[in-house]
Amino acid sequence: MASGFEILGMHRHKEHRVDFMDWAPGARYCALVGDFNGWSPTENAAREGHFGHDDYGYWFIILEDKLREGEKPDELYFQQYNYVDDYDKGDSGVTIEEVFKKANDEYWEPGEDRFIKNRFELPAKLYERLFGPNGPQTIEELGEIPDAETRYKAWKELHKDDPPSNLPPFDVIDNGKEYDIFNIVADPAWQEKFRAKKPPLPYWIETRKGRKAWLKKYTPAIPHGSKYRVYFNTPDGPLERVPAWATFVQPDAEGKQAYAIHWEPPPEFTYKWKNIAPKVPKSLRIYECHVGISGSEPKISSFSDFTEKVLPHVKEAGYNAIQFIGIVEHKDYFTVGYRATNLFAVSSRYGTPEDFKRLVDEAHGLGLLVLLDIVHSYSAADEMVGLSRFDGSNDCYFHSGKRGYHKHWGTRMFKYGDLDVLHFLLSNLNWWISEYKIDGFQFHSLASMLYTHNGFASFTGDLEEYCNQYVDKDALMFLILANEILHALHPNIITIAEDATFYPGLCEPTSQGGLGFDYYVNLSASEMWSSLLESTPDHEWSMSKIISTLLGNRHYADKMLIYAENHNQSISGGRSLAEILLRQGPHSKELLLRGSSLHKMIKLITFTVGGRGYLNFMGNEFGHPKRIEFPMPSNNFSFSLANRCWDLLENEGVYRDLFCFDKDLMKLDENERVLSRGLPNIHHVNDANMVISYIRGPLLFIFNFHPTDSYERYCVGVDEAGEYQVGIHSLFELVSMKFLLQK
């Protein structure tokens with residue numbers, strides 16, 4: 001259910017060929033077109049009947065490697081080649097006859113001469129009869145296959161005069177009953193001996209030839225880097241689509257139609273993994289990134305740029321995990337990657353699959369986990385490069401009618417109740433782990449998939465709202481399956497739910513009726529801070545609201561990840577906290593001091609009140625002063641705001657100061673294990689004085705949010721008597737105070 005990528009898509013077969021398989025139940029004809037065959041829709045087509053497609057809509061195409069001029073076909077029709085390992089050694093030099101003789105002398109016992117003489121001949125002839133160039137092309141040509149009883153009786157008649165042998169006496173016990181024809185009796189002693197013998201795989205593997213021998217005899221049917229698409233003939237006419245399981249795609253640019261790129265680099269150019277993933281920490285300090293805007297220049301940055309420049313910064317900042325958004329291939333850059341088109345492909349605008357593997361490997365070498373923001377809640381509605389109307393029908397991967405479209409965004413909604421769609425999505429999750437060694441996923445916008453109203457409804461917390469007719473039970477089953485399968489196959493995997501509706505049981509084990517996520521993201525906190533700064537005067541802030549929002553759902557508070565500000569605030573037409581707080585004016589010095597201090601307070605209280613993890617979007621750790629605006633028609637495709645101003649950290653000043661404070665927060669968790677401890681003990685919340693006090697672990701935190709009043713000899717209770725030493729303080733009243741308990 002989760003390993004479809006092993007057979008679907010484009011795969012190099014050991015028998016000097018490439019196999020292609022895809023799912024298109026609405027198509028009547030399937031072929032591969034590309035620059036390798038002159039974009040011909042007839043040269044590489046699926047065979048008719050069940051040799052080319054099955055009753056479930058899966059199409060199968062074989063692309064045979066081409067024999068070079070002057071070379072003779074292989075002696076064995078099913079000759080295998082080793083394309084990857086020992087690529088510089090070539091053929092071992094051992095002939096087929098020598099391997100057969102070695103197997104006869106060392107493996108087969110006397111009396112097994114029947115197997116010695118034709119154990120290879122029989123399967124070779126059968127294989128060639130079925131799949132060879134002279135094999136049947138249609139079901140009619142294959143002819144009628146007799147039933148098992150008829151074939152057995154014919155075999156008995158043929159071998160009735162055979163001489164006695166020490167081979168096992170197989171026979172059929174029929175007892176006059178038709179349903180017993182498959183019951184086989186054998187000599188128990190010989191059967192036990194046969195089961196103890198290992199299959200002759202070493203001899204079979206020795207018949208394989210090396211990569212050099214393959215390249216000498218054949219030219220690849222589809223060379224590395226070839227452009228291709230899949231061609232369908234449908235009831236509505238011919239279509240060309242990017243294959244659903246393609247692993248490297250070039251979205252349409254400059255008006256040209258999108259195409260897949262066959263990625264099969266020579267072994268010497270494939271990336272060799274060097275590092276192992278670090279152990280999962282008890283608390284997560286996640287640095288959220290977007291590769292394209294990670295540079296300081298007005299252009300799209302690459303995987304290599306990120307590896308060289310940003311990874312060292314993340315390590316220096318003290319985070320232990322990075323989370324990527326926009327990695328999965330998407331047609332439109334300005335969608336930030338949320339309207340994914342090709343779920344198995346890394347975005348080609350950042351580099352190649354090998355470049356991304358290097359990025360992940362280097363991150364692991366620095367002790368950083370790598371998480372991926374995955375979008376399975378909806379898909380792009382683009383037909384030329386995405387999955388929409390993939391086979392000409394409207395309900396291949398998605399619901400038909402209104403339910404097949406997001407009510408507000410126009411994106412397509414997956415049909416989670418279809419087994420083949422489940423197979424596709426579950427395999428996609430396993431693919432990113434198996435191919436790129438991803439350590440976990442954040443499932444984006446679960447509300448869009450959990451409800452037929454896509455989460456655009458008011459929620460009061462009443463249990464009925466999570467159990468009514470608007471809940472998509474198929475989507476719930478998909479999430480349960482995803483968590484169950486991922487944790488079974490990869491016990492150290494991390495799954496994070498992004499759900500603004502706080503669905504009950506989100507982080508409960510699947511064995512107890514929950515969805516099985518390890519963590520969930522509290523988006524309310526970042527929205528609260530943005531709302532307070534944008535529309536609420538300082539003296540009207542509610543301390544009770546701040547605490548209740550930061551704690552989230554107390555039943556799952558130990559599973560909560562929290563932002564002080566998330567990337568959506570800066571990207572979706574809003575402003576970052578620094579852009580609001582560090583604004584210039586007639587009293588710039590005072591405003592800068594107030595803004596810097598309040599920025600620190602917001603980060604500190606969010607960090608220390610929240611759950612087991614903390615998230616920060618790239619650049620916000622030093623108070624990035626500008627919002628994010630991707631190039632689009634409305635700004636004449638400008639890159640001026642689609643980057644990060646790393647140069648602000650080179651000089652002393654407010655941005656360097658904010659970065660150092662953020663580093664101190666990360667060190668505080670690393671040294672005192674703040675996030676991994678139990679929930680904070682909130683013992684003082686005074687709305688009149690605007691003071692909050694609480695204890696978490698050995699640390700006492702006191703915040704004064706009053707814009708004008710400071711307090712001397714202010715009294716708060718503590719759990720343990722002793723001497724307390726000031727850890728952080730400031731001459732400005734708005735800066736928080738942190739007290740370190742001296743044991």
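The backbone oxygen of Ala-258 lies 3.0 Å from a polar atom of the Arg-229 side chain, a polar contact being a pair of N or O atoms within 3.5 Å in which, within protein, one must be able to donate a hydrogen and the other to accept it, with residues adjacent in sequence counting only if both atoms are side-chain atoms. This is a predicted model, in which local features need pLDDT of at least 70 and side-chain atom pairs count only at pLDDT 80 or more, whereas totals for chains, interfaces and linings use all residues. Residues are numbered from 1 along each chain as its sequence is written, and side-chain values use heavy atoms, with hydrogens and water left out. Helices (H or I, at least four residues) and strands (E, at least two) are DSSP runs, numbered from the N terminus.

**Arg-229 and its strand**

- Arg-229, whose place is in strand 9, counts as buried at 10% relative accessibility, where buried means under 20% relative accessible area, exposed means over 50%, and partly exposed lies in between (1.4 Å probe, protein chains only).
- The side chain of Arg-229 is also joined to that of Glu-240 by a polar contact of 2.8 Å.
- Strand 9 (residues 227-234) pairs with strand 3 in the antiparallel sense over six bridges, two strands being counted as paired if DSSP finds at least two bridges between them.
- Within this pairing, Leu-32 stands opposite Val-230 in strand 9.
- Five of the six residues of strand 3 are buried, so strand 3 is largely enclosed by the rest of the structure.

- Three strands form an open sheet in the order 1-2-4, with antiparallel pairing.
- Strand 1 (9-13) and strand 4 (58-64) stand at the edges with a single partner strand each, so that one side of each is left without a neighbour in the sheet.
- Neighbouring strands of this sheet are turned by 20° against each other on average, direction ignored; the axes are lines fitted to C-alpha atoms, for helices over the stretch in contact, and angles run from 0 to 180 degrees between N-to-C directions.
- Strand 2 (residues 17-23) and strand 4 run antiparallel and are joined by seven bridges, and the bridge partner of Asp-19 in strand 4 is Ile-62.
- In a regular strand the side chains alternate between the two faces of the sheet.

**The barrel**

- Eight strands close into a barrel in the order 13-14-17-18-19-20-21-22, and their pairing is parallel.
- The twist from one strand to the next averages 25°.
- Strand 19 (residues 494-497) pairs with strand 20 (residues 519-522) in the parallel sense over two bridges, and here Ile-496 stands opposite Tyr-519 in strand 20.

**Helix 11**

- The 18 residues of helix 11 (residues 419-436) should span 26 Å at 1.5 Å a residue, and the 25 Å between its end C-alpha atoms agrees with this; the expected span is 1.5 Å times one less than the number of residues.
- Helix 11 bends by about 25° at Asn-430, the bend being the angle between axes fitted to the seven residues ending at a residue and the seven starting there.
- Because 15 of its 18 residues are buried, helix 11 is largely enclosed by the rest of the structure.
- At the start of helix 11, a side-chain oxygen of Asp-418 reaches to within 2.8 Å of the backbone nitrogen of Asp-420, while just after the helix Lys-437 takes a positive phi of about 55°.

**Loop residues with positive phi**

- Trp-39, in the loop between strand 3 (29-34) and strand 4, has a phi near 60°, a positive value in a residue other than glycine, and is partly exposed with a relative accessible area of 32%.
- Asn-636, in the loop between strand 22 (613-617) and helix 19 (654-672), likewise has a positive phi of about 60° although it is not a glycine, and counts as exposed at 69% relative accessibility.

- The structure holds zero disulfides, a disulfide being a pair of cysteine sulfur atoms within 2.5 Å.
- Cys-396 counts as buried at 4% relative accessibility, and Cys-507 counts as buried at 7%.
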